[in-house]
Amino acid sequence: MRQIAGSPFQDSPLVSASLRCSFCGKDKSAVDKLIAGSNGVFICNECVRLCDEILEEELRPDG
Ligand SMILES: [Zn+2]
């Protein structure tokens with residue numbers, strides 16, 4: 001995990017708290033991959049897979 005060099009907040013609980021998926025709440029260590037979003041949100045590979053399946057259902061041409 002990368003940290004911002006020289007940040008005065010390095011030791012704050014907010015920064016050192018473990019990252020977790022914003023969708024299913026699983027910890028970073030509990031999933032294969034955790035992808036960061038733009039507003040401090042994260043999604044794990046399992047939720048990406050789930051979303052992909054949902055989208056495929058939704059976008060199916062013949063409904
Ligand atoms: Zn997840």
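Cysteine 21 sits in the loop that runs between α1 (13-16) and β1 (34-36). In this predicted model, cysteine 21 is buried, because 21 other C-beta atoms lie within 10 Å and 20 or more count as buried. Cysteine 21 is also one of the residues that UniProt lists, in an unreviewed entry, under "binding site".

**The listed cysteines**
- The UniProt record gives Cys21, Cys24, Cys44 and Cys47 for this "binding site".
- These residues span 27 residues in sequence, yet no two of their C-alpha atoms are more than 8.4 Å apart, so they gather at one spot.

**Around cysteine 21**
- Setting aside residues up to four places away in sequence, cysteine 21 touches Lys26, Val31, Leu34, Phe42, Ile43, Cys44 and Cys47.
- Two of the listed cysteines, Cys44 and Cys47, are therefore among the contacts of cysteine 21.

**Around cysteine 24**
- Cysteine 24 has its place in the loop between α1 and β1.
- Once neighbours within four places in sequence are left aside, cysteine 24 is in contact with Cys44, Glu46 and Cys47.

**Helix α2**
- Helix α2 covers residues 45-58, which makes 14 residues.
- From its first C-alpha to its last, α2 reaches 20 Å, close to the 20 Å expected at 1.5 Å a residue.

Methods: Residues are numbered from 1 along each chain as its sequence is written. This is a predicted model: local features need pLDDT of at least 70, side-chain atom pairs count only at pLDDT 80 or more; totals for chains, interfaces and linings use all residues. Helices (H or I, at least four residues) and strands (E, at least two) are DSSP runs, numbered from the N terminus. The expected span of a helix is 1.5 Å times one less than its number of residues. UniProt positions are given in the numbering used here, feature names are shortened, and annotations may be inferred rather than shown by experiment. A residue is buried if 20 or more other C-beta atoms lie within 10 Å of its own, exposed if 12 or fewer, and partly exposed in between; C-beta atoms are placed from the backbone. Two residues are in contact if their C-beta atoms, placed from the backbone, lie within 7 Å.
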